[in-house]
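Hi everyone, thanks for coming along. Could you all bring up the sequence and the 3D view, so that we can walk through them together?

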Amino acid sequence: MAELVAIHDRDEAVALKNTLEGTKLRLAVKAGKEGRLFGSVKTADVAEAVTAAGLGSIDKRKVHIPSPIKATGEHEATVRLHEDVVATVDLQVVAAKATKK
């Protein structure tokens, strides 16, 4: 797992906030035919999506999902980057492609 880097100053947090808010994160998760997820999107999934997108590493404990994400579509989460810096992240939740065995 990638090592989490602490954000030490407000300027660094604001720069990451601008990057996160300017990007729509795509999360591919297992879902049924009607778009209902098998389970829900967790804060760790959002943190991993940020890392996978090459935007940096964030702590899953800093991610807040206002209501459980249990369906595909457009959703939002917030990330507290610093005491007074909170980024709103746009999430695009899509069904993962099934792999044939």
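**How confident is the model?**

Before we look at any details, please remember that this is a predicted model. The chain has an average pLDDT of 87, and 88% of its residues score at least 70. Going element by element, confidence is lowest in helix α1, residues 10-21, with a mean of 90. Strand β3, residues 63-64, is where confidence is highest, at 96.

**The sheet**

Let's start with the sheet. In which order do its four strands lie? Reading across, the order is β1-β6-β5-β3, the sheet is open, and the pairing is mixed. Now look at the edges: β1, residues 24-29, and β3 each have a single partner strand, so one side of each is left without a neighbour in the sheet.

What holds neighbouring strands together? Strands of a sheet pair through backbone hydrogen bonds, and they can do so in a parallel or an antiparallel way.

Take the antiparallel case here, please. Strand β5, residues 73-82, and strand β6, residues 85-95, run antiparallel and are joined by nine bridges. A hairpin of two residues links β5 to β6. If you want to find individual bridges on your screen, Arg-80 has Val-86 as its bridge partner in β6, and Glu-74 has Gln-92.

On to the parallel case. Strands β1 and β6 pair in the parallel sense, over six bridges. Here you can look for Lys-24, whose bridge partner in β6 is Asp-90, and for Leu-27, whose partner there is Val-93.

**A closer look at β1**

In a regular strand, side chains alternate between the two faces of the sheet. You can follow that pattern along β1: Leu-25, Leu-27 and Val-29 point to one face and are buried.

Let's stop at Arg-26, which sits in strand β1. Is Arg-26 buried or exposed? Its relative accessibility is 57%, and the cut-off for exposed is over 50%, so Arg-26 counts as exposed. It still has contacts: setting aside neighbours within four places in sequence, Arg-26 touches Ala-49, Gln-92 and Val-94. And between Arg-26 and Val-46, which are 20 residues apart in sequence, the C-alpha to C-alpha distance is 9.2 Å.

**The helices**

Next, the helices. Helix α1 lies across β5 and β6, and runs at about 30° to β6. Helix α2, residues 43-52, also packs on the sheet, where it touches β1, β3 and β6. The direction of α2 makes about 120° with that of β1.

Which residues of α2 are buried? They are Val-46, Ala-47, Ala-49 and Val-50. Looking down the axis of α2, you will see these buried residues fall within an arc of 160°, so they line one face of the helix. On the other side of α2, Glu-48 and Ala-52 are exposed. As for what covers the buried residues of α2, the list includes α1, β1, β2, β3 and β6.

**Two polar side chains**

Asp-59 is in the loop between α2 and β3. With a relative accessible area of 17%, Asp-59 is buried. What does the side chain of Asp-59 make a polar contact with? The partner is the side chain of Arg-61, at 2.6 Å.

The other one is Ser-40, found in strand β2. Ser-40 has a relative accessible area of 23%, and is partly exposed. A polar contact of 3.1 Å connects the side chains of Ser-40 and Lys-42. Leaving out neighbours within four places in sequence, Ser-40 is in contact with Asp-45, Ile-69 and Lys-70. Finally, Ser-40 and Thr-72 are 32 residues apart in sequence, and their C-alpha atoms are 9.9 Å apart in space.

Key. Residues are numbered from 1 along each chain as its sequence is written. This is a predicted model: local features need pLDDT of at least 70, side-chain atom pairs count only at pLDDT 80 or more; totals for chains, interfaces and linings use all residues. Side-chain values use heavy atoms; hydrogens and water are left out. pLDDT is the predictor's confidence in each residue, from 0 to 100. Two strands pair if DSSP finds at least two bridges between them. Contact means heavy atoms within 4.5 Å. Axes are lines fitted to C-alpha atoms, for helices over the stretch in contact, and angles run from 0 to 180 degrees between N-to-C directions. Buried means under 20% relative accessible area, exposed over 50%, partly exposed in between (1.4 Å probe, protein chains only). A polar contact is a pair of N or O atoms within 3.5 Å; within protein, one must be able to donate a hydrogen and the other to accept it, and residues adjacent in sequence count only if both atoms are side-chain atoms. The arc is that of the directions from the helix axis to the C-beta atoms.
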